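This report goes through a few local features of one structure. The sequence and the model come first.

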Amino acid sequence: CPERTKYSDRRWSHQCSSCGRAFAFEPREGAVLSDLGFKHGIDSVSDWGRLAWTEAHLYYDLARRARRRRLRDRLLRRPLISFSLREFEHMLERWSSVHGPPAGLLPANAAAELAPDDDLAREVEDYAFEQIVICDHDQIADVLVANGFHGENRCVVLTFGGYPPHAFETLMPLLRRNPPARVIAVHDADPEGCDLATRIAEDARWFGGIDGIEVIDAGLRPADAKRFRGLFLAGSPADSPASASQDEREWLGKFRLDLAAVRPRVLMGVLAHVIRHG
């Protein structure tokens, strides 16, 4: 409802005085965000209903909005996220009970539930793919597949762990026999993620021992983190990979950053640019 309701009019009923619908949240009574702020978060991660997304995407988007409302966080410029996951889960549950489940929210393991694509296997066998996108987390692969990224950009989307399993088991023998020209690594800014490109190039399950494959690191690195300040998680100095630079090791010793902090539309735009232009 676009109408503004005075607190005095909604205080006892927790309903809009114009349309009569219930409010999920009341900022005057301690809620971090209003219903409208929560809806703006859903609109942002779903690109106004056009894209599928995960709970993690909404969590980080709402954390951005909560940070803008909290004066202390803005003044102190705290790098770590201060909007707790438990707080988010409670808000999502409350929103869903009042307004219904948000459209476009992907269930866990969404890509694993898809039927095997026999046409894709035949295309790998007959024509080969120039690019493969390898993610470090299943949820990111789910988002790319659910939004048709693989079809639009003529690429295979898998995770380093072998997800979705039916696609990995079908395609990897074919891809090793007829390898792509480029492999694009997509990952968090954390020790394992920053080492993903190296592991892809060296792991025998992937392309270890195969010459002529270019592995492009298109994931988050510590150098990308500045624009996401306030969404960092705590890092671990003992886990920094040998492939990281000294500056990266110092940052990774303090922080890490999830790729889910990047909205789906932005992520797909960046990856599409890498695929087309290298």
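## Helix α13

In this predicted model, the buried residues of helix α13 are P264, L267, M268, L271, A272, V274 and I275. Because they cover an arc of only 160° around the axis, these residues lie on the same side of α13. An α-helix has 3.6 residues a turn, so residues three or four places apart point the same way. The face of α13 turned away from the buried side carries the exposed residues R276 and H277.

Helix α13 runs over residues 264–277, which makes 14 residues. From its first C-alpha to its last it reaches 20 Å, close to the 20 Å expected at 1.5 Å a residue. G278 follows α13, and its phi is positive, near 80°.

## Packing of α3 and α5

Helix α3 covers residues 55–69 and helix α5 covers residues 85–99. The two pack at an angle of about 110°, and their axes are 10 Å apart. Angles of 65 to 115 degrees count as roughly perpendicular, so α3 is roughly perpendicular to α5.

On the α3 side, the contact is made by E55, L58, Y59 and L62. On the α5 side, L85, F88 and L92 take part. By class, this contact of α3 with α5 has six nonpolar residues, one charged residue and no polar ones.

## The loop at A204

A204 is found in the loop between α11 (196–202) and β4 (214–217). With a relative accessible area of 58%, A204 is exposed, because exposed means over 50%. A204 and R176 are 28 residues apart in sequence, and their C-alpha atoms are 9.7 Å apart in space.

Terms used:
Residues numbered from 1 in each chain as written. Predicted model: local features only at pLDDT ≥ 70, side-chain atom pairs only at ≥ 80, totals over all residues. Heavy atoms only, no water. Axes fitted to C-alpha atoms, helices over the stretch in contact; angles between N-to-C directions. Helix = DSSP H or I, 4+ residues; strand = E, 2+ residues; numbered from the N terminus. Parallel < 35°, antiparallel > 145°, perpendicular 65-115°, else oblique. Contact = heavy atoms within 4.5 Å. Nonpolar A, V, L, I, M, F, W, Y, C, P; charged D, E, K, R; others polar. Buried < 20%, exposed > 50% of the residue type's maximum accessible area, 1.4 Å probe, protein only. Expected span 1.5 Å × (residues − 1). Arc of directions from axis to C-beta.
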